[in-house]
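Dear colleague,

Here is the structure I promised to send over, with the sequence alongside. Please open both before reading on, since my notes below go through the helix packing piece by piece.

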Amino acid sequence: MTTALEPRTAPSRIRDPRELLNAVQQHVKHLPINVFDSGMTLWDREIALLLRDNEMVRDMAERILGNAVMYMITAIERPDWHLGVGKLVDKGVHQIYLDTPVLFAFFTAYNDGEFKHHAPFIQRRRDGIVLRTADMLRENGFTPDEELWAVDGANCSPCDDKVPDSH
């Protein structure tokens, strides 16, 4: 199933995923240690966790996390759009989902506290939805990393849309 993009007014400026994630910080209620006392931002926290668990350089972790934030915000703001994320960007989505205090704060800030499930299928889709998703992110005021989306352009990690409010 594909959904045509409806014409929208272009955003007045490009939306910054780092700013959007850091804006969640005021909504975080629980963390295992008080990382905020160290001056660490949520962006830096999620980057540090990505680097801890994946073999990549900081630049790649930042690219992945930024595109994951773009994807999650667009999934929240445009539930009528059919989106799909590739394996690489999905690492950033998983990072946010694994850090549940940050995840809950993210949904408090951007989805009125309503949880959005991440319920992936076992089989990957190979129908180009990842490339179309990059176009949708652009339509929603972001600047997706073309290289990251092209890498998995025909290899989607789809979520089950039958699960209530999944992305």
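**Helix packing in the predicted model**

The axes of α3 and α6 come within 10 Å of each other and cross at roughly 75 degrees, which makes α3 roughly perpendicular to α6. Please bear in mind throughout that this is a predicted model. Where the two helices meet, Met 70, Tyr 71 and Thr 74 come from α3, and Thr 133, Met 136 and Leu 137 come from α6. Sorted by class, the residues of this contact are 4 nonpolar and 2 polar, with no charged residue.

An α-helix has 3.6 residues a turn, so residues three or four places apart point the same way. Just after α6, Gly 141 takes a positive phi of about 95 degrees.

The next pair is α4 and α5, formed by residues 87-98 and residues 100-110 respectively, which pack with their axes 5 Å apart and at an angle of about 95 degrees. Because angles of 65 to 115 degrees count as roughly perpendicular, α4 is roughly perpendicular to α5. On the α4 side the contact is made by Ile 96, Tyr 97 and Leu 98, and on the α5 side by Thr 100, Leu 103 and Phe 107. This contact of α4 with α5 has 5 nonpolar residues and 1 polar residue, and no charged ones.

Helix α4 also meets α2 (residues 42-53), and here the axes come within 10 Å and cross at roughly 115 degrees, so that α2 and α4 are likewise roughly perpendicular to each other. Their crossing is right-handed. From α2, the residues in contact are Glu 46, Leu 49, Leu 50 and Asp 53, while α4 contributes Lys 91, Gln 95 and Ile 96. By class, the contact of α2 with α4 has 3 nonpolar, 1 polar and 3 charged residues.

Definitions and conventions
Residues are numbered from 1 along each chain as its sequence is written. This is a predicted model: local features need pLDDT of at least 70, side-chain atom pairs count only at pLDDT 80 or more; totals for chains, interfaces and linings use all residues. Side-chain values use heavy atoms; hydrogens and water are left out. Axes are lines fitted to C-alpha atoms, for helices over the stretch in contact, and angles run from 0 to 180 degrees between N-to-C directions. Helices (H or I, at least four residues) and strands (E, at least two) are DSSP runs, numbered from the N terminus. Angles under 35 degrees count as roughly parallel, over 145 as roughly antiparallel, 65 to 115 as roughly perpendicular and the rest as oblique. Contact means heavy atoms within 4.5 Å. Ala, Val, Leu, Ile, Met, Phe, Trp, Tyr, Cys and Pro count as nonpolar, Asp, Glu, Lys and Arg as charged, and the others, Gly among them, as polar. A crossing is left-handed if the near helix is turned anticlockwise from the far one by less than a right angle, and right-handed if clockwise.
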